[in-house]
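Please read them with the structure open.

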Amino acid sequence: SNAFVLSPFLIMALYLLYSAITRTKKMRQLGETALVMQSFPGIIGTDIGGTILINTPYTPDTECEVKLQSIYTEKVRTIQKKYYRHRIQWYKETEAQITATKKGTKLQFNFSVPKGLRESEKPSDKYYHWLLKIKLINAYDTIERSYEIPVFNDDTLNTGEIKNDRPETNS
């Protein structure tokens, strides 16, 4: 009787363990997928672009969509829970230029960002931030990454915590 009750939980635990191991293995194989921006920080009212090198083989069927978003985030508190609500303030999508390199695949992209948008702010209970998302699909992999990038109204470097190279999650 107890074996039947534990079986679903044991199967679920084994699946989660397997999933964690395969994701970790894939992350180690890919290594870091660093973003190199054309100008740092990005400047509102100009072009924001960059290059990403991914350690996955290039194939002619490789496709990559790139999204740039300006997001307003606020912490919401209710009696039951606390959570963050994200509202996209501005959004643009483009296809990356894809080329083969000795070590894998090179992605290049560029966005024209209009004037009048809010610049990056330090994380707090209410703040604006910019997120660059990529999704690469080829015969070998589907790779999704997010990069929080600094975007300001001028080229004065505003110091704030910038987090890069975050794997996408399905939550």
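1. Glu-95 is exposed, because its relative accessible area of 53% is over the 50% cut-off. This comes from a predicted model. Glu-95 sits in strand 5, which covers residues 82–95.

2. Thr-105 is a buried residue, with 0% relative accessible area. Its place is in strand 7, residues 104–112. Leaving aside residues up to four places away in sequence, Thr-105 touches Ile-52, Leu-53, Ile-54, Thr-56, Pro-57, Tyr-58, Ile-98, Thr-99 and Leu-136.

3. How many salt bridges does the whole structure hold? The search finds six. One of them pairs Arg-87 with Glu-74, with the closest N and O atoms 3.3 Å apart. Arg-87 belongs to strand 5 and Glu-74 to strand 4 (residues 63–77), so this pair ties together parts 13 residues apart in sequence. Arg-87 is partly exposed at 39% relative accessibility. Glu-74 is buried at 11%.

4. Glu-121 and Arg-118 also form a salt bridge, their closest N and O atoms lying 3.0 Å apart. Both partners are partly exposed: Glu-121 has a relative accessible area of 29%, and Arg-118 has 43%. Elsewhere, salt bridges with shared partners link Glu-74, Arg-85 and Arg-87 into one network.

5. Lys-67 and Glu-65 meet through their side chains in a salt bridge, 3.7 Å from N to O. Lys-67 counts as partly exposed at 23% relative accessibility. Glu-65 is partly exposed as well, at 27%.

Technical notes
Residues are numbered from 1 along each chain as its sequence is written. This is a predicted model: local features need pLDDT of at least 70, side-chain atom pairs count only at pLDDT 80 or more; totals for chains, interfaces and linings use all residues. Side-chain values use heavy atoms; hydrogens and water are left out. Helices (H or I, at least four residues) and strands (E, at least two) are DSSP runs, numbered from the N terminus. Buried means under 20% relative accessible area, exposed over 50%, partly exposed in between (1.4 Å probe, protein chains only). Contact means heavy atoms within 4.5 Å. A salt bridge is a side-chain nitrogen of Lys or Arg within 4 Å of a carboxyl oxygen of Asp or Glu.
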